[in-house]
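Visitor: I would like to go through the charged contacts in this model, and then one of its helices. Could you show it first?

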Amino acid sequence: MRPAAFLSALSLISLGLASPAVAQTPPEALVWMVLHDINVTGLDRDMPMNRPPIVTEVPEGMIRAVDISPDGETDWLIDYSRAGLSQFCGTGGCRLVIYASHEGDYQRAFDSQVLSFDIARRGGRQRLEAQVHHGACVPDDWECRYAWYWNRTTARMDPMATDAGRTLLPNGGRQPIDREPDERAAMAPASVQMTVTASRIFCPYEDLSLGGQLRQAEVTPLPDLNGDGADDWLVRPPTPCDADGPPDSEVRLSQTNGDPVQAITVDAATAISADITRSPAFLVLDQDRMRWEPSRRSFVPAE
């Protein structure tokens, strides 16, 4: 879909703008960042003279004041669909970035491609809901939507139910900030990072002159499953070079006084989700909902 199509679609969406937002001036740093992002798309270091005119003003409506955090300060949304450049868009929509005010500064709260979005008050919270690429839902869903709210305690966007009542988060759900696998691993607790490092294997191609592929475990944060208020972790080991399929996955639970520990091993063919109907969340294996039972230190079927 072309950026212009996204623009027309997004223009129909309620943006949760604060009433005085139109009169507010975006921070200079955000203006600089956006102009840099736009202008660098035309850079060719081998042919530096072959470039479009330098953009010196942010396209209208690209940076907007919104209300996503509950501190009464202005938050800022950057809608890259307004840039009119295909580099910021793909099959999953156009890039959307939100900076939330936090302790006198701004923190990147959301950074992902979306097809459409809406900011509105739900359940006493300011909620961001977005339609994303259909592949982010399991099973595949062309109306794939997720929702988040700003958690002041953790200073990040946490998942919440969508307007349609969706609470199931396959593989931990859509993360509010798109990160490369190595970046996600670097944010994990030390023991999880060590698991990723130790899991690395090099699988050469049949034609050795072409090199090979480096594989490593993939880690994804899960909503709190055991009630301690911290993230838990899904760890998927790499597929061995000569194997037909991936090995079993692990769910590791955080501890109040240490790194996460393995709580359950899950067959690679089993779909793993979290259900945020309640807190702590349920672990869902295929269609079976499980809850953490502290007295047994294991997952048991949910009533």
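Guide: What follows concerns salt bridges, a helix and a surface patch in this predicted model.

Visitor: How many salt bridges does the structure hold?
Guide: The structure holds 15 salt bridges. One of them joins the side chains of Asp 163 and Arg 127, at 3.0 Å from N to O. This pair links distant parts of the chain, 36 residues apart: Asp 163 is in the loop between strands S9 and S10, and Arg 127 is in strand S7.

Visitor: Is Arg 127 buried or exposed?
Guide: Arg 127 is buried, because its relative accessible area is 0%. Asp 163 has 46% relative accessibility, so this residue counts as partly exposed.

Visitor: And which residue does Arg 145 pair with?
Guide: Arg 145 forms a salt bridge with Glu 129, with the closest N and O atoms 3.5 Å apart. Here strand S8, which holds Arg 145, is linked to strand S7, which holds Glu 129.

Visitor: What about Glu 293?
Guide: Glu 293 meets Arg 291 in a salt bridge of 2.8 Å, N to O. Separately, salt bridges with shared partners join Asp 118, Arg 122, Arg 127, Glu 129, Arg 145 and Asp 163 into one network.

Visitor: Changing topic: which residues of helix H4 are buried?
Guide: In H4 (residues 190-199), Ser 191, Val 192, Val 196 and Ser 199 are buried. They line one face of the helix, because they fall within an arc of 145° when seen down its axis. Met 194 and Ala 198, on the other side of H4, are exposed.

Visitor: Finally, which residues form the negative surface patch?
Guide: Asp 248, Asp 267, Asp 286 and Asp 288 form that patch. Asp 288 lies in strand S19, residues 288-293.

Key:
Residues are numbered from 1 along each chain as its sequence is written. This is a predicted model: local features need pLDDT of at least 70, side-chain atom pairs count only at pLDDT 80 or more; totals for chains, interfaces and linings use all residues. Side-chain values use heavy atoms; hydrogens and water are left out. Patches are made of residues with over 30% relative accessible area and no salt bridge: like charges are joined within 9 Å, nonpolar side chains (Val, Leu, Ile, Met, Phe, Trp, Tyr) within 5 Å. Accessible areas come from the Shrake-Rupley method with a 1.4 Å probe; for residues, only the protein chains shown count as cover. A salt bridge is a side-chain nitrogen of Lys or Arg within 4 Å of a carboxyl oxygen of Asp or Glu. Lys and Arg count as positive and Asp and Glu as negative; His and the chain ends are not counted. The place of a charge is taken as NZ of Lys, CZ of Arg, CG of Asp or CD of Glu. Helices (H or I, at least four residues) and strands (E, at least two) are DSSP runs, numbered from the N terminus. Buried means under 20% relative accessible area, exposed over 50%, partly exposed in between (1.4 Å probe, protein chains only). The arc is that of the directions from the helix axis to the C-beta atoms.
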